[in-house]
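Please view the sequence and the model together.

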Amino acid sequence: MKNMKSNKLGTMPMNRLVLNLSLPMMISMLIQSLYNVVDSMFVAQISEEALAALSLAYPIQMLMIAIQVGAGVGMNAEMSRRLGEDNREMASETANNGVFLGIFHYIIFLVLGLTLVRPFFEAQTDNPEIIQYGIEYTVIITTFSIGKFMQFVYERSLQATGRTFYTMITQGTGAILNIALDPILIFGLFGVPALGVYGAAIATVAAQLISALLAFYFNAKFNDDIDMQYKGFRPNFKVIKRIYAIGVPSMIMTSITSVVTLLLNNILLQFTPTATAVYGVYIKLQGFAFMPVFGLNNGMIPIVSYNYGARNKKRMISAIKICLIYAMSMMLMGTILFQAFPEQLLALFNASDEMTAIGVSALRTISISFVLAGFSIIIGTVFQALGNGMLSLWVNVIRQLVVLVPVAYVLSLSGDVHSVWWSIVISEAVAVVFSVIVMRYVYNKKIRPMSNNEPLNPERFANEQV
């Protein structure tokens, strides 16, 4: 008999289920957004060069997140589908191989952090202060990133089985700890030496490690839907292949964001380092709008995957509609915030007159695209939950590589930095059009033909692709 905690994915009223799974993640991600903002606020007190350094380091952080999120999406969707098929053994096998992948991915960034950080910054700027600050921060967050990788793995195991309350605790604890440690380590409070940018990095990795240990404990103590065994473990490459089949498109998709951020930083550097600092501030602030939506889609993936595995068409469609409404409503609130209070938001980062002049235009222009982005994020999540991550990848490729960067470059030729921000609005509009076209195809191909309570065929679902 299916465990009642995982069975709620197929029985609980949908609106209640979406909130039950997503609300803890939304709250924890809002806290994550807060500590990202606070982190940059404290670093901005050092200098504008230090803030610019963190902006230039962001593509590396995004690359790490890309690997984590991609593997997590694949692991989450595969585990939820197996639980929907009532296959506890395969769900447990997926979780164990997810731990293996977390360690493997950490080793990759350990090597990169020890070898490529200095060339990365020297290739972007000749400002010695920015280079030094960037190296100090980035070496720490890459070589000590084991906590972040393992946190993602164990949190995805909790999410896939519907225990998102515990992920709220792990992420919230890490965020609060980071906020508390930042001023202590950066400025040297309570007898601690002032470590500057080093302190910001140390606060980050320490918080990640604590979160990972908490997530490990919650899985061991409360997650009885899966058996996580380490003694005598051997990698199962068939399971790893399935995780990557779903997750690699998401990895590439988020990696594209890293590449795009790198390219946009270099376009903006042609105007002034302040423009790059503004873009870095925007990325931090946009989390207040985007992170709750990412929390929503993290809760949405196991719901759609489970009910796809159980062949419950009605519940799948209901989940998608409800999540679209919530996502676009939250993004509208973000737009209102950015339109009404851009000066106040920038003042949080000790903005100079030049930074304020550039930043007000940036925040007001880019926030026009928020509602469009909310739609595309949810539709892309549907593709991932159905095991068709490549479709999400294509939406993102068209949105960013095909549209955003070329349009940003063309607009930059006008010599007006304010025009560059419109490239983001244009790219989001194109992404919506393409998402609608692809979603109609997926619906007609995979969802419309389904009948509720269609008999399970696990082998078919394991290999099914659009």
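Predicted model: local features only at pLDDT ≥ 70, side-chain atom pairs only at ≥ 80, totals over all residues.

## Helix 11 and helix 12

Two packed helices are described by the angle between their axes and the distance between the axes. For helix 11 (residues 273–285) and helix 12 (residues 287–309), the axes come within 6 Å and cross at roughly 40°. An angle under 35 degrees would count as roughly parallel, and 65 to 115 as roughly perpendicular; helix 11 and helix 12 are therefore oblique to each other.

On the side of helix 11, the contact is made by Tyr282, Ile283, Lys284 and Leu285. Their partners in helix 12 are Gly287, Phe288, Ala289 and Phe290. By class, the residues of this contact comprise 6 nonpolar, 1 polar and 1 charged. Gly counts as polar and Lys as charged.

## Phenylalanine 190

The loop between helix 8 (164–187) and helix 9 (197–222) contains phenylalanine 190. Although phenylalanine 190 is not a glycine, its phi is positive, at about 55°.

Is phenylalanine 190 buried or exposed? Its relative accessible area is 75%, and exposed means over 50%, so phenylalanine 190 is exposed.

## Asparagine 350

Asparagine 350 is a residue other than glycine with a positive phi, near 55°. Its place is the loop between helix 14 (342–347) and helix 15 (353–366).

The relative accessible area of asparagine 350 is 48%. Buried means under 20% and exposed over 50%, so asparagine 350 is partly exposed.

How values were computed: Residues numbered from 1 in each chain as written. Heavy atoms only, no water. Axes fitted to C-alpha atoms, helices over the stretch in contact; angles between N-to-C directions. Helix = DSSP H or I, 4+ residues; strand = E, 2+ residues; numbered from the N terminus. Parallel < 35°, antiparallel > 145°, perpendicular 65-115°, else oblique. Contact = heavy atoms within 4.5 Å. Buried < 20%, exposed > 50% of the residue type's maximum accessible area, 1.4 Å probe, protein only.
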